[in-house]
Amino acid sequence: MSRLPSREEVLAFVADHPGRGGKRNIARAFGVTGSARKALGNMLKTLADDGSIESQTRPATKHAIDLPPVTVLEITGRDQDGELTANPVDWPDESGSPPTVAVIVRRSARGRAVPGVGDRILARLKRNRGNNGARYNGEILKILQAPPRRILGVVRRRPGGAQIEPVDRRQKALILEPDTSDAREGDLVTVSPSGDGRHHHSRARITEIVGSMTDQKAVSLIALETHGIPYVFSEPALAEAEAARPAALKGRKDWRHLPLVTIDPVDARDHDDAVYAEPDPDPANPNGHIVIVAIADVAHYVPPGSALDRSALERGNSVYFPDRVVPMLPERISNDLCSLRENVDRPAIAVRMIFTADGRRKSHCFKRIMMRSAASLSYQGAQAAFDGKSRDLPPGIADALDDLRAAYKCLARERDERAPLDLDLPERKIILGQAGHIERVVIPPRLEAHRLIEELMIQANVAAAETLESRDSPIVYRIHDNPSMAKLEALREFLKSIELSLPKAGNLRPAHFNSVLGRVRDTEHSALVNEVVLRSQSQAEYSPQNIGHFGLNLRRYAHFTSPIRRYADLIVHRAIIRALNLGRDGITDVAVADLPETAARISVAERRAMAAERDTIDRLVAHWLAASIGATFAGRIAGVTGAGLFVKLDETGADGFVPLSSLGSDYFRFDESRHSVTGERTGETHRLGDAVEVRLVEAVPLSGSLRFEMLSSGRILEAKKRRPRPQTVGGKRHGRGRSRRRAV
């Protein structure tokens with residue numbers, strides 16, 4: 001019986017040969033003959049069933065990328081039975097063809113609109129075990145508004161005529177019809193395709209000149225357009241915001257005497273949370289603390305069903321770019337009436353919590369209040385006060401901060417005992433100069449003041465969830481599922497490669513991951529293991545069904561503390577108002593019935609915002625580095641695929657790609673479980689987390705992509721013997737044919 005390739009070898013071959021990964025080609029490449037072909041078929045079926053590759057019912061096999069359980073799809077056609085099929089709207093080019101989703105249309109849903117080809121839908125996905133060629137079935141949650149028929153692109157003046165280079169790399173270049181606009185080479189414009197077919201436009205006309213691509217403010221606009229994020233408020237929403245008036249004291253507790261303070265980033269434009277603490281005078285709670293978290297009463301200004309409410313739900317959350325903020329609510333609300341400004345009366349919903357000396361919450365209650373912030377502090381200012389270095393604080397604020405710090409130290413004891421997931425992943429911040437260009441990239445220090453506010457907000461969120469549960473109230477939870485078995489097994493395989501282990505038996509908790517992270521702290525493996533542990537985790541989302549929050553190690557958790565920038569928090573505020581009879585502007589029966597759909601929509605909006613923010617940073621950094629072609633940089637390998645290596649630069653956090661074809665003449669095998677590629681002849685290995693030196697050979701600002709040449713040699717993990725390479729496929733040599741040090 002011929003040798004059967006390993007699972008890792010098959011996955012590496014599939015990744016390296018998109019479109020050529022069928023059973024016949026795999027068998028030919030590895031010399032699988034006779035009865036071993038049946039075993040290979042069983043292996044491929046198993047890989048398809050667990051989602052590692054696409055089904056063998058399709059003509060080609062490829063690496064599968066899991067889609068989120070709820071995602072936005074575009075209906076692209078019908079199958080042989082006339083049923084609708086769709087593809088995900090957001091799908092990376094380098095991942096090959098997007099997976100097909102079979103759209104499930106419930107025939108019994110009377111009066112409900114049925115989508116057609118070209119429509120976009122919000123759908124809940126489930127793995128499809130059938131044989132219709134679709135990897136997923138998609139249950140329609142909502143038919144979304146059709147995207148406008150316009151394309152964002154850059155004008156390219158050519159001798160043979162002008163063209164539009166679309167920002168979306170999945171779209172083809174368009175021929176610009178003769179126009180009378182003043183658009184110049186390099187201008188960012190919106191165009192309207194003039195063809196009739198949806199995917200076959202070849203000509204277009206300019207509808208708007210957005211600005212020059214040399215203006216870095218255009219970069220965030222690209223992200224807004226390409227991700228379909230609304231950034232212009234409707235006239236009715238703006239009119240409602242302008243008509244709003246400050247809330248009155250009637251019906252609220254007057255807590256204006258309490259020295260509540262806001263602690264925010266130094267460049268914050270709105271302040272939606274304030275905090276206060278004092279020692280608990282109750283002798284039955286020695287060394288205990290009373291803590292108050294007050295949150296801007298957004299529900300007072302945004303009635304359910306209003307134009308403001310519809311606009312906020314459409315956006316789902318605020319989106320933050322280095323050069324601008326796209327708020328969930330108009331500035332009249334977010335930066336004025338709901339901003340807890342210093343020495344200004346503002347309405348709020350507050351939770352008063354009592355903690356024991358060891359940080360356990362004894363009780364809590366929610367009140368609708370009128371407050372007056374005693375001080376507006378930055379994290380750095382609060383930290384200076386903690387360190388005894390502050391000056392010119394308002395009277396009494398230093399004492400108030402001392403009480404807050406003492407309360408936090410008690411809460412920290414309970415947090416340490418709870419042991420939430422403790423990843424060490426420094427975040428970089430882009431600092432723009434006056435002209436809107438990158439001035440520098442910094443890693444802000446992680447201060448005690450940050451941890452204080454974070455822990456107080458977590459406690460308030462837990463209190464909100466517990467209060468609503470105790471009243472049998474509808475609620476949108478913030479949930480975070482346990483890591484999947486497949487991801488855990490992959491993590492175990494990787495940890496084994498660096499002589500670490502993760503328990504197999506029992507119920508894994510965040511503490512088990514923290515134990516691993518603690519063992520590699522301050523070692524060469526620290527960055528690597530933190531990255532791999534992060535990738536093993538599930539993605540947090542919103543849901544009316546509670547499964548707990550794995551990362552925080554909490555049984556129940558709901559977002560309450562930022563209703564200015566998250567619609568989920570506004571839902572929770574309204575639910576509390578209704579459950580505790582705090583007013584007439586609580587959650588409505590209609591909103592309760594729509595909670596599953598609303599939770600799915602805001603989960604998608606959150607992922608959309610994260611992708612837009614990431615794309616904007618990539619483009620800004622590519623603009624900045626475009627003048628540094630040929631320069632060398634230090635970095636770490638942040639991703640390993642069958643096509644090449646992703647390298648993150650130390651100084652800027654920028655990500656770039658090193659194609660495997662540029663690594664040298666050796667044949668490099670991709671080992672998915674070890675997150676590495678290894679030369680078959682030399683044993684030279686490049687692994688996730690390795691420190692490397694690279695040279696920048698290409699920067700494309702429009703797409704935000706960087707391409708590097710590897711200058712560092714890989715580590716030699718073991719001596720390799722020369723052995724026959726896999727046979728050629730389609731008459732083409734499967735090796736890596738370029739010199740190591742040549743520019744790509």
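Okay, let's start at Leu456: skipping neighbours within four places in sequence, Leu456 is in contact with Val275, Val291, Val293, Met353, Leu404 and Leu411, where contact means heavy atoms within 4.5 Å. Before I go on, this is a predicted model, so local features need pLDDT of at least 70 and side-chain atom pairs only count at pLDDT 80 or more, while totals for chains, interfaces and linings use all residues. Numbering runs from 1 along each chain as its sequence is written, and side-chain values use heavy atoms, with hydrogens and water left out.

So, where does Leu456 belong? Leu456 is among the residues with the most contacts inside the largest nonpolar core, which has 88 residues; Val293, Ile333, Phe366, Leu401 and Phe560 are on that list too. By nonpolar core I mean buried Ala, Val, Leu, Ile, Met, Phe, Trp, Tyr and Cys residues joined through side-chain atoms within 4.5 Å. Buried is under 20% relative accessible area, exposed is over 50%, and partly exposed is in between, with a 1.4 Å probe and protein chains only. Helix H11, residues 448–470, gives this core its largest share, 10 residues. Helices here are DSSP runs of H or I with at least four residues, strands are E runs of at least two, and both are numbered from the N terminus. There's also a second, separate core of 47 residues, including Leu528 and Phe670.

Now, rings. How many aromatic pairs does a search of the whole structure find? Three, counting Phe, Tyr and Trp rings (six-membered ring for Trp) with centres within 6.5 Å; planes under 30 degrees apart are stacked, over 60 edge-to-face, the rest tilted.

Take Phe513 and Phe550: the centres are 6.0 Å apart and the planes sit at 90 degrees, so that pair is edge-to-face. Phe513 is in helix H13 and Phe550 is in the loop between strand E23 and helix H15, 37 residues apart. Both of these Phe residues are buried.

Then there's Phe646 with Phe657, centres 4.9 Å apart and planes at 50 degrees, so we call it tilted. That one links strand E25 to strand E26, 11 residues apart. Phe646 is partly exposed at 29% relative accessible area, and Phe657 is partly exposed as well, at 21%.

Last bit: charges over rings, meaning NZ of Lys or CZ of Arg within 6 Å of the ring centre and within 35 degrees of the ring normal. Arg315 lies over the face of Phe233, 3.6 Å from the ring centre. Arg478 has its charged end over the ring of Tyr542, at 4.6 Å from the centre.
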